[in-house]
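Subject: Handover of a structure

Dear colleague,

I am passing the structure below to you for your records. My notes on what was found in it follow directly after it.

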Amino acid sequence: MPWIVENLWLIAFLPFLAAGISALMPRAQKKASSGIVIFAMALSLLLSLKAGGYLLKAGSSHETLHLVRNFDWLPYGDTVIRLGFLLDPLSAMMLFVVSFVSLLVFIFSLGYMDHDENFTRFFTFLSLFAGSMLALVIANSLLLLFMAWELVGLSSYLLIGFWYQKPSAAAAMKKAFITTRIGDLGFFIGLLWFHYASGTSLFYDQGQGALDPTKLSILGGSAALWISLLVFCGAVGKSGQFPLHVWLPDAMEGPTPVSALIHAATMVAAGVFLVGRMYPVFEINPTALEVVAFVGAFTALFAATIAVAQWDIKRILAYSTVSQLGYMMMGLGVGGYVSGLFHLFTHAFFKALLFLGSGSIIHACHHEQDIRKMGGLKDRMSRTFVCYMIGMFALSGVPLFAGFFSKDEILLDALHFHPANLPHFASRIPIVFGLIGAFLTAFYMMRQVKYVFFGSPRDHGAQHAHESGSPMTLPLIFLALMAVATGFLGWPGHSWFHHFMEPAAEAHPTNLYLMLGSIAIVLIALGVSAFVYSGEALRAGAVDPLEARFASLFRVLNNKYYIDEFYEKTFVLFTRTFSRIIVRFDRYILNGFFVWGSALIVYGLSLVNQLIDEAAINRGFDKGCRSVRTGSQWNRWIQNGLSQHYLKITSLAIVILFLLALFIGRT
Amino acid sequence: MDYVFYILAIWIVGSGLLAILQRNLVHCAVALIAFFAGIAGIFFSLHAEFLGAIQVVVYVGAIAVLILFAIMLTRHVTGEEEVSPFSRHAIWGWIASAAVLCVLLYSLDKQMFAISAEPSQITMLDIGNAMMQRYAVPFEVISLLLTAALVGAVVIALEEPRERK
Amino acid sequence: MVTLTHYLVLAAVVFCIGLAGVLTRRNAIMVLVGLEMMLNAGNINLVAFWRYLGSQAMSGQMFAIFAIAVAGAEAAVGLALLIAVYRHFRNVSVEEISSLKG
């Protein structure tokens, strides 16, 4: 077995180790703690590169596609729970993305979190987060994957609520945890079902794993459908798809590097990765993929419309992430396994770039996040501006930037989406939604850029803004390079990425009309947006032109379709009412009715008793009562309320009973 | 190897008597620790090593300390008790326990137990397997009980909230 | 030769020492101590029977383990109760705490 496969676990282990060491460090040891964490991450990146390089060298022969290293974890009786690590193109790709972006985010945090008093704690959590994500990627077993999945959830909880002194951050961390937990419940049930159906928890195991063709063939169509839908529940929660997307924008309460990490490389990618990992199961029943496609397409459009009407620089990016994740899901769902993952790949870089760029802006503007209070930063922060523009072009899908290639591939696959069991118009929904979404994406990104960088400063925070230090700008430059370079890996028609991920399958031929059409849409959107948000609109105190024109629509979008309010009014209210009812039940029915009721009954009976006593018995039986009283004196000695006394009598009684039994036994 | 048993038996009975007869509660607790250790020795002599270890951990380690703490929290640290266990009021207690002892010994004297040819031997591995398989449900129940007891103990011992009359 | 009966006699004696402790001491903590001794006597019996009568079955040991766990829970709750009682009555003498009286 090659060395790298044997030692794949190191990639995930090193960040965990660094987190452990850093957790034990005193608070003042900023340099040492961040140094260890960054060093461990750099080692992980090197190992990931080595793993990817090994796969490249090994070529595309079929048996090397899934290199596994399995081991017995928990033997009990005849059952053995086995865990394992897996190296295949999917995990190699994810390893690179996660470790590369994480490393840059860590370096960025050096600058961004410099003044925070809990600097070491931040790096501990960051390392834990990255480590769990890496473990999730290389897991070759449902159980290990689930453990890492929950660890990712835990560390995101810790990081979103890093500034837990802020009530909004504390609320956001709880919201993120609980919302994803709803999806995880489905995921867990699906996982158990899958384990039960296939009899093993390993994914690949020399032909005996749950995802190996032999095991897949015995999985029935309906079982496969339910398992995939349940697993998809987990992906919906983690990747912020509708209707569980509500936590993602709130997760912006965390420090900006965390947002970059959550939104680019780690947490949200986990859901898409999960669908990619379980793709063979999804493929069995076409309905499963259709569900994925429609949920994704709807989310892509839905979140893009919300992003148009947001004011918070990070919230715009958050909704754009939700929307882009929708694209990825749509890509996977319409049968474009490679295109969905390619978008995940490119998106990780340019979205990390955008988030870190916004972090740099926020840092410069004294933690101001409202784009209405920025403006004119183009000249003050020129390096950030250039990098941000590259990220913005990549996200909008301007030709030759990364997002263009990957989004175009998804649209291409959506164009070829013709499932037999759907009417024609239904199969056109993903491509239509995708194109409208592309228009909106370009529109809101241009709007944001115009507000932030152009015009004149509208607040003194922006007036005194200056370029951030090199720990913050260097990662931006690296990511900007990646945001351009990664696109060329998927050059239409000669996609290296496609060849790496799935050498056997043939990509759809390039459709020139579609490509030109989407280019036109993007350029028009950029132009319209640039035109709308210019001159008067960027003046301080000006109303958003959209708000002026479509006031009520804008309000609905600005309030995110009132979905949070809807949940508040329905599910949360229901839970609250239900628990209140339970408390009432406890207090009044159980405690009130039974306890007090029985007490009252006893009291009433004693009143009746007293009447009978006084009326009937008292007269005639006074004398008898006196003898009873003398008897009671003796009785009182027995019932004196001392537990020891009772015990004494009990043990003596046992002795007497024993003696009695002895005598009776004799006779 | 017989003398091991006799030494242990004398040790246990002696420390047990000391534990219940002394007036000073702290001394009682110390004698109790010796008593628990003796019981652990008995388990070892019966080749139940795992139980012996548990006995040391749970009784000598945890429960004895718990009792010491309770003594300190409820008495002055010296822990003198006013009433001797030999006072007049205790006489019936002594009579009762002596009677129970007579009954037990009498019945042991009458009863003969079939002795199996070879004493049973089990290892830690067997115990672990049994806990995970045959006794899995009782195991889970007992862990639930322990959790409940833990929570309950905390709730009970917590300071009551200041009067809300 | 130490036989099963030896262990049973020892257990009987320990049991009665514990019983005497429960019956004669006034301090509730000492009552608990006596209870623990009685439980230990029971454990000696379980293990001795397992050793001398059991085949490969391990019910004796398993029961002893569970008994220890229950005893641990009992001690924790019992002592917590004592502390609560002490706070209420400023006393842990079982003679004084006799609200059980009819």
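Between chain C and chain B, about 6,800 Å² of area is buried, and carbon and sulfur atoms give 75% of it. In chain C, the residues that lose the most area to chain B are R25(C), R51(C) and I68(C), which together make up 10% of what that side buries. Please bear in mind throughout that this is a predicted model.

The contact between these two chains takes 67 residues from chain C and 78 residues from chain B. Across this interface of chain C and chain B the rule finds 0 salt bridges, while 7 residue pairs are found in polar contact, both residues being at pLDDT 80 or more. On the side of chain C that touches chain B, the elements giving two or more residues are α1 (4-24), α2 (28-53) and α3 (59-89) of chain C. The largest share of that side, 22 residues, comes from α3(C). Sorted by class, the residues of the side of chain C that touches chain B comprise 48 nonpolar, 13 polar and 6 charged.

Of the area that chain A buries against chain B, 44% is supplied by K648(A), L652(A) and F658(A), more than by any other three residues. For the interface of chain A and chain B, the rule finds 0 salt bridges and 0 residue pairs in polar contact, counted where both are at pLDDT 80 or more.

Finally, I would draw your attention to one residue within chain A. S427(A) lies in helix α20 (residues 424-453) of chain A. Is S427(A) buried or exposed? S427(A) is classed as buried because its relative accessible area is 2%, and the cut-off for that class is under 20%. Leaving aside neighbours within four places in sequence, S427(A) is in contact with A414(A), F417(A), H418(A) and P419(A).

With kind regards

How values were computed
Residues numbered from 1 in each chain as written. Chains lettered and ligands numbered in written order. Predicted model: local features only at pLDDT ≥ 70, side-chain atom pairs only at ≥ 80, totals over all residues. Heavy atoms only, no water. Contact = heavy atoms within 4.5 Å. Buried area = accessible area lost by both parts, 1.4 Å probe. Salt bridge = Lys/Arg side-chain N within 4 Å of Asp/Glu carboxyl O. Polar contact = N/O pair within 3.5 Å; in protein donor to acceptor, adjacent residues only side chain to side chain. Helix = DSSP H or I, 4+ residues; strand = E, 2+ residues; numbered from the N terminus. Nonpolar A, V, L, I, M, F, W, Y, C, P; charged D, E, K, R; others polar. Buried < 20%, exposed > 50% of the residue type's maximum accessible area, 1.4 Å probe, protein only.
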